[in-house]
Structure formats: structure tokens, C-alpha cells
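This report covers strands, cores and aromatic contacts. Begin with the sequence and the structure themselves.

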Amino acid sequence: MNATPASRVAVAALCALGLAGSLRGQGAVSGVGPRPAPIPERWRGIVGEYGSDRQPLHVYERDGVLHVRVLWTIRYPLIPVSDSVFAFPERGLYQGERLTVQRDAAGSATGIEVGGVRYPRRAVGPGDGGQLRVTPLAPVPGVLAAARTAQPPPQPEGLHAPDLIDLAALDTTLQLDVRYATENNFLGTPFYASARVFLQRPAAEAVVRAHRWLRAQGYGLLIHDGYRPWYVTRAFWDATPPASRWMVADPRLGSRHNRGCAVDLTLVDLATGAVVDMGGTYDETTPRSHPAYPVTTSLQRWHRELLREALEREGFHRIADEWWHFDFRDWREYPILNLPFEELR
């Protein structure tokens, strides 16, 4: 369920080698190239991770072709023989071998077989596309109550005066899914008193500009989170197991969210109204959260790059571990805030 240090290092190594690929600079949509076609339905349940940490196999799609990656570094294009049987090319370690997909009644792969060896499918992320949860170190309501009495770190003088504004007041076409106002979040407890998103005014206006640029491409933004009171960051840290703390901020330093200068968001397809499949889910403590996680499809990678392009055009920067999290360029100029949602208008 949680990303292990080894798996995170492996993903980072792939990205450093350039194996995850980039879709920038190819034309069509500014900066991200033409929109790839969806993979064939018969392949949809095959893409994923197989085997063990020591002997992993990864099946992904690139440019209309299924590929298999062996031990994170060796990759081969697969030649379809049937919907469930693929031949390896006439080169490399698996010359003359075939990859056979084993499926369940719904057609999803439960494992693959290569050279007489079965590699079971690895469960990565929530199977239904919902919210992945972690088991808290202690009951969250008690942790949250204690965090409310704690004090944030001291702030230097000369920072900008806060000017938090409600995103919905700037553009009513923005869609919201504020999970921290519900139980549908990674710790299963509401943290906010209302399902609203606040940002410092320049950051909020930049999000709206990104949203309007995306609308011209047939997409819109779905916002998960913006400003986050410091005591919530403290509660996240105190409740989250150490193995998963890579996805929460150290309260001793505060976070960009505490400054009202970070936004969590994803894409919506305006033609269908559906939330776009990004090859991983929001607040997911697995390697799929890495922006360049390679075990995906060309279309999923393109959508991740489209989101990045839209936000970076307006002065945001995507962070290294979460494809959905973007920091505004001026975040250092704002103080860490601890205003509860009840006090925001």
C-alpha cells in the first residue's frame, strides 16, 4: 500500500535515465504535442506491475505499442499474437519467448507468464480508482484536537500580508472535490469545516487563468485543496506512519499549503464531464504519484504533462513526488498561517 524507499528510488532512477519519456515540444497543444489515442480496450486491463520487488516486470503502452520492462532497466516492445499472447522481439534475453496474460472474468490481468514463470499482478493503488488510505498512528480526532493547541514556527518579518480569497468567487466553472472536508481522504477524518478552496490572491488568479486556457483545449480544473491551516499539517504529520510521511509536510518547517500558495488539482474532460484518468489517484502513497511514473499509457502521460503545462504557464511549479501538487512561485514571500476555516470568508 505504501511506497517503499526502494520502489521510489527505482522510479526516480528511471526518470533520470529518461525512460519515462517526455511529451513536450511535439506541436498540437502548446508544449505537450498531439493528444495520443486511448489504448485498445483489450489492452486496458494489462498495463501494470507484476512480480516482486526483486524480480519486477512492468507492462506499459507507448505510441500504440505494449512494452514490457524487466528489472526496471531492460525494455522490449511486444508483438501481439492474440489478445492475451505477445511475442518478444528476436533479440535480447527473451528471444523466441512469449508473454501470456492470465485474466479474471472481467478481463483484467491477474498475472503474466514468461518462460514458464508466472508473475502475479501487484496491487498498486486503489482498485476502484477511489481514495487510498493509510492506517493512522493514533485516532485522528484526538491527534487533531492536540494539534489545534500547538503553535506554528516563528515567522520572519517583512513577508506579504495575507490576502486569501475563495477560488469559487473568481470563477464559478471551477469544480471542487475538497476531500479534507469529508471522510474521503487518506486519513478518513474531516479536517476542514467547509468544502472551499482558498489561495493568496495572485495564486488564485493564476489558477483561474490556467483553467481558462485549459477550457480552450477541452478540459477544466478540478480542485482538491489550497490553503491548509498549520494545525492540519501538524495533525497530518502526527497521524501519518513514518513510511508515508514523504507525502506530508514537516510542521517544523510548515508547508506551501500553509502559506496559501499551493494547490492540489486534476483535469476534467469537458466533453464527458468525467475526471481524467491520470494513471494514479489523488493522495496515493505509491510510486504512481511520482509525476513521471512510467508504468502508464501514452494518454495518461500526456494528460499529466497537459496539467503541468497549464500551471507552469502561470507561475506554478510541480513538486517531485506528487503529480497533482503545484507551488506558486512567490510562496516564500508569504507567512505560515494557522487560520481555521471557520474564520475564513
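## A buried serine in a loop

Ser255 is found in the loop between α5 (230–239) and β14 (262–269). Helices (H or I, at least four residues) and strands (E, at least two) are DSSP runs, numbered from the N terminus. Ser255 has a relative accessible area of 6%, so this residue is buried. Buried means under 20% relative accessible area, exposed over 50%, partly exposed in between (1.4 Å probe, protein chains only). Leaving aside neighbours within four places in sequence, Ser255 is in contact (heavy atoms within 4.5 Å) with Thr233 and Ala249.

This is a predicted model: local features need pLDDT of at least 70, side-chain atom pairs count only at pLDDT 80 or more, and totals for chains, interfaces and linings use all residues. Residues are numbered from 1 along each chain as its sequence is written, and side-chain values use heavy atoms, with hydrogens and water left out.

## Nonpolar cores

A nonpolar core is a set of buried Ala, Val, Leu, Ile, Met, Phe, Trp, Tyr and Cys residues joined through side-chain atoms within 4.5 Å. The largest one holds 65 residues; Phe191, Leu221 and Leu311 touch the most other members. Helix α4 (residues 201–215) gives this core its largest share, 8 residues.

Beyond four places in sequence, Leu311 is in contact with Ala210, Leu221, Val263, Leu265, Phe316 and Phe326. Another core, of 21 residues, lies apart; Ile39, Ile46, Val59 and Leu99 are among them.

## Aromatic pairs

Rings of Phe, Tyr and Trp (its six-membered ring) pair if their centres lie within 6.5 Å; planes under 30 degrees apart count as stacked, over 60 as edge-to-face and the rest as tilted. The count comes to 16 aromatic pairs. Tyr227 and Phe341 are stacked, 6.4 Å centre to centre with 10° between the planes. They sit 114 residues apart in the chain. Both Tyr227 and Phe341 are buried. The ring centres of Phe316 and Phe328 are 5.1 Å apart and the planes are at 55°, so this pair is tilted.

One aromatic cluster includes Phe191, Tyr227, Phe236 and Phe341.

## Strand pairing

Two strands pair if DSSP finds at least two bridges between them. An open sheet of 4 strands has the order β1-β2-β3-β4, with antiparallel pairing. Its edge strands are β1 (48–51) and β4 (74–77). In β2, His58 is the bridge partner of Glu49.

Elsewhere, β8 and β9 form a hairpin with 2 residues between them. Gly115 in the turn has a positive phi of about 60°.
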